[in-house]
Amino acid sequence: MNPRVFLFFLMCVGLCYSQETERTHSYTFDANQFYGSIILHNPDISHLIKGHPAGVVLAYNRKTYGLEEWQQWYNYPDLGASFIYQNTNNSVLGEAYGVYAHFNFYFLKRNLQFRVAQGLAYMTNPYDRETNFRNNAYGTRILSSNYLMINYHKENIYKGLGFKAGVSIMHFSNANVKAPNTSTNTFAFTAGLTYTLEGKDTEYIRREKVKITEPIKYNLIFRTGINESDNIGHGQYPFYIFSGYADKRVGRKSAIQLGTDVFFSNFLKELIEYQSIAFPENNVDADTDFKRVGVFVGHELFINKLSVGTQLGYYVYYPFDFEGKLYNRVSLKRYFGDKVFAVVSLKSHAAAAEAVEFGIGVRL
């Protein structure tokens with residue numbers, strides 16, 4: 001399965017499985033218009049920053065009231081789905097159509113809404129060697145995409161209508177599944193309306209907080225996928241990653257991690273051979289080992305059967321220099337029972353993505 005499709009599917013499954021068993025919740029819809037600019041995160045896309053992107057964000061939201069304990073931990077968030085249309089106002093980049101699953105989290109007496117969304121986007125004008133060679137941002141027509149939105153949010157001011165206004169950041173990338181992949185990030189101002197459907201009034205369920213304690217757990221994960229070096233046309237290659245780590249729960253929401261990764265990234269084989277021939281001044285031996293070993297520390301944030309992981313790693317075995325010795329990983333994990341989980345991760349070196357990894361693991 002394409003890793004971008006798997007990522008979106010995993011989050012949707014997580015939302016579906018977190019449905020409350022009783023239909024005592026209400027629903028809202030919101031429509032937002034946005035206008036902004038593409039952020040210059042990489043000098044290689046400076047020629048693409050011309051117009052100001054504009055578009056709309058449409059969303060469906062389902063409120064939670066605490067029928068499941070985790071909802072109280074996070075101040076009763078919304079679960080939802082959204083759609084984005086973005087016109088980059090740049091003929092080279094074209095337009096984007098995205099579909100997402102999202103959470104809305106609330107702060108400041110529920111007047112401040114923070115949305116986190118992950119999904120897929122369809123780009124109308126990706127890179128083409130002959131017809132659109134200037135578009136080095138999008139190497140494929142289907143991209144992974146996510147966005148963050150923070151709004152002042154006021155519902156049901158008059159007959160179900162309310163309003164919201166704030167800022168958002170929208171990211172489009174294929175995570176080096178295929179070059180080029182310089183990607184774009186749009187910073188935008190947003191404003192819109194909300195509409196609350198009439199429903200049964202439901203009070204928030206509040207439970208006494210119970211301390212969660214666990215012994216140290218041990219995790220084994222196998223990850224795989226395909227990716228390509230930044231050199232256009234060098235081809236896509238599979239990679240394989242074996243990881244093991246220990247984690248310790250430190251509260252209802254969090255666990256800390258310590259572990260190691262072993263990387264078998266076949267695109268590096270081709271890159272090593274290419275550099276040994278094309279750049280002899282770099283003194284790269286064609287027989288240089290392509291494997292890497294890293295150690296990492298991490299954090300896992302538990303949200304019902306879903307969790308979000310962040311890891312910072314350092315290569316202790318690093319025979320070929322590629323993007324530096326530090327790496328980072330952001331993961332979305334879905335548990336099936338108490339031990340087995342599926343995971344999708346984005347591995348990067350700072351802001352330079354290396355691969356989307358998808359895999360399966362056990363927590364013992």
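**Reading salt bridges in a predicted model**

Arg329 is buried, and Glu357 is buried as well.

Q: In this predicted model, which partner does the side chain of Arg329 meet in a salt bridge?

A: A salt bridge here pairs a side-chain nitrogen of Lys or Arg with a carboxyl oxygen of Asp or Glu within 4 Å. Arg329 meets Glu357 in this way, with an N to O distance of 2.9 Å. The two residues belong to distant parts of the chain, Arg329 lying in strand E14 and Glu357 in strand E16 (residues 352–363), 28 residues apart.

Q: How many salt bridges does the count come to by this rule?

A: The count comes to 13 salt bridges. One of them joins Asp30 to Arg115, whose closest N and O atoms are 3.0 Å apart. Because Asp30 lies in strand E1 (residues 27–38) and Arg115 in strand E5 (residues 112–123), the pair ties together parts that are 85 residues apart in sequence. Asp30 and Arg115 are both buried.

Q: Which residue forms a salt bridge with Lys333, and where in the chain do the two lie?

A: The side chain of Lys333 meets that of Glu300, at 3.5 Å from N to O. Lys333 is in strand E14 (residues 326–336) and Glu300 in strand E12 (residues 292–303), so that the pair links distant parts of the chain, 33 residues apart.

Q: Are Lys333 and Glu300 buried or exposed?

A: Buried means under 20% relative accessible area. Lys333, with a relative accessible area of 5%, is therefore buried, and Glu300 is buried with a value of 0%.

Q: Which residues are linked in a network of salt bridges?

A: Such a network links Glu214, Asp247, Arg249 and Arg363.

Technical notes. Residues are numbered from 1 along each chain as its sequence is written. This is a predicted model: local features need pLDDT of at least 70, side-chain atom pairs count only at pLDDT 80 or more; totals for chains, interfaces and linings use all residues. Side-chain values use heavy atoms; hydrogens and water are left out. Helices (H or I, at least four residues) and strands (E, at least two) are DSSP runs, numbered from the N terminus. Buried means under 20% relative accessible area, exposed over 50%, partly exposed in between (1.4 Å probe, protein chains only).
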